[in-house]
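Please examine the sequence and the model shown below. The report that follows describes selected features in turn.

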Amino acid sequence: MKTSVIRHSTNMLISKNQQGFSLIESLVAIVITALGILGILGVQMRTLSDTQNGVRRAQAIRLIEDLSERIKVNPTPLAPAVMATYRVSAPGPIASPPACTTACTPAQLAQHDIASWKQQVINTLPAGDAVVFSAADELDLNNRRQLGVMVSWIQKESRKETDSNTDFATYIAPFAAAGTGAAAVSCPANRICHLQYIQVVARCQQDTAGGAAAATTWCPFTRSELP
């Protein structure tokens with residue numbers, strides 16, 4: 001009888017130890033699984049952020065192409081006064097542009113176009129804004145044929161607490177715009193920018209043979225642009 005009791009107690013002790021060991025294994029497995037899930041979520045969040053940056057940059061490119069087309073429709077985009085109207089450096093929307101619901105002069109059309117376009121940038125991109133400037137290498141003020149366009153939007157890149165300033169600057173460097181040389185236009189802080197240069201081309205021509213009051217504008221189209 002004594003031998004039986006001793007064996008029974010020993011079996012109970014071994015069973016309790018085994019149950020405690022199984023609980024520790026379960027906790028370790030849960031911790032490892034949680035760490036793996038957090039790592040996957042971190043990679044997915046970074047991938048999503050990079051994808052959003054790509055989408056925003058594609059939107060910026062389309063917006064700049066839209067501005068280029070607007071300029072081409074202007075009868076005299078190369079005139080110094082009209083070129084000066086397209087250049088804009090102040091942030092935010094442009095106040096009180098001409099409506100151009102009736103006949104507009106080329107300068108008024110430029111004011112209407114740049115105001116409408118900049119509002120489109122603001123509405124399309126998160127905290128979007130844009131700067132339009134003359135190319136730095138064009139020194140002749142009366143013969144400038146190229147405009148630089150820098151479109152910017154808010155930077156949503158999160159910074160880890162362990163990242164140094166150098167590490168974070170290295171990460172966001174591919175999202176920064178190139179330099180503009182003597183134009184001295186730079187990407188604002190905490191924003192992502194896309195810089196592109198557009199050639200100012202006068203596709204439309206104005207016919208003033210009947211006088212300034214009866215001026216008409218002719219805009220040739222390619223076959224692919226016809227309905």
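Does K118 count as buried or exposed? K118 counts as buried, because its relative accessibility is 1%. Here buried means under 20% relative accessible area, exposed means over 50%, and partly exposed lies in between, with a 1.4 Å probe and protein chains only. Residues are numbered from 1 along each chain as its sequence is written. The model is predicted, so that local features need pLDDT of at least 70 and side-chain atom pairs count only at pLDDT 80 or more, while totals for chains, interfaces and linings use all residues; side-chain values use heavy atoms, with hydrogens and water left out.

**Salt bridges**

Side chains of opposite charge can pair when their charged atoms come close. A salt bridge is defined as a side-chain nitrogen of Lys or Arg within 4 Å of a carboxyl oxygen of Asp or Glu. The structure holds four salt bridges, and the table lists some of them.

| Pair | N to O distance |
|---|---|
| D66 and R70 | 2.9 Å |
| D113 and R70 | 3.8 Å |
| K118 and D129 | 3.4 Å |

The elements named in this report are DSSP runs numbered from the N terminus: helices (H or I) have at least four residues and strands (E) at least two. D66 and R70 both belong to helix α1, which covers residues 2-73. The two residues are four positions apart, about one turn of the helix. D66 is partly exposed, with a relative accessible area of 25%, and R70 is likewise partly exposed, at 22% relative accessibility.

D113 is buried, with a relative accessible area of 7%. Through these contacts D66, R70 and D113 are linked in a network of salt bridges.

K118 meets D129 in a salt bridge at 3.4 Å. K118 lies in helix α3 and D129 in strand β1, so the pair ties together parts that are 11 residues apart in sequence. D129 counts as buried, at 14% relative accessibility.

**The sheet and its aromatic pair**

Strand β1 also belongs to an open sheet of three strands, which has the order β1-β2-β3 and antiparallel pairing. β1 and β3 stand at the edges, each with a single partner strand, so one side of each is left without a neighbour in the sheet. From one strand to the next, the twist averages 20 degrees. This angle is taken between axes, which are lines fitted to C-alpha atoms (for helices over the stretch in contact), with angles running from 0 to 180 degrees between N-to-C directions. Two strands pair if DSSP finds at least two bridges between them. Strand β2 (residues 146-154) and β3 run antiparallel and are joined by nine bridges. Q146 has Q199 in β3 as its bridge partner.

A pair of aromatic rings is described by the distance of the centres and the angle of the planes. Rings of Phe, Tyr and Trp (its six-membered ring) pair if their centres lie within 6.5 Å; planes under 30 degrees apart count as stacked, over 60 as edge-to-face and the rest as tilted. The structure holds one aromatic pair. The rings of F133 and Y197 have centres 6.1 Å apart and planes at 80 degrees, so the pair is edge-to-face. F133 lies in strand β1 and Y197 in strand β3 (residues 191-199), so the pair ties together parts that are 64 residues apart in sequence. F133 is buried, with a relative accessible area of 6%, whereas Y197 counts as partly exposed at 33%.

**Loop residues with positive phi**

S96 lies in the loop between α2 (80-86) and α3 (106-124), and it is exposed, with a relative accessible area of 73%.

A127 also has a positive phi of about 55 degrees without being a glycine. A127 is found in the loop between α3 and β1 (129-134). With 48% relative accessibility, A127 counts as partly exposed.
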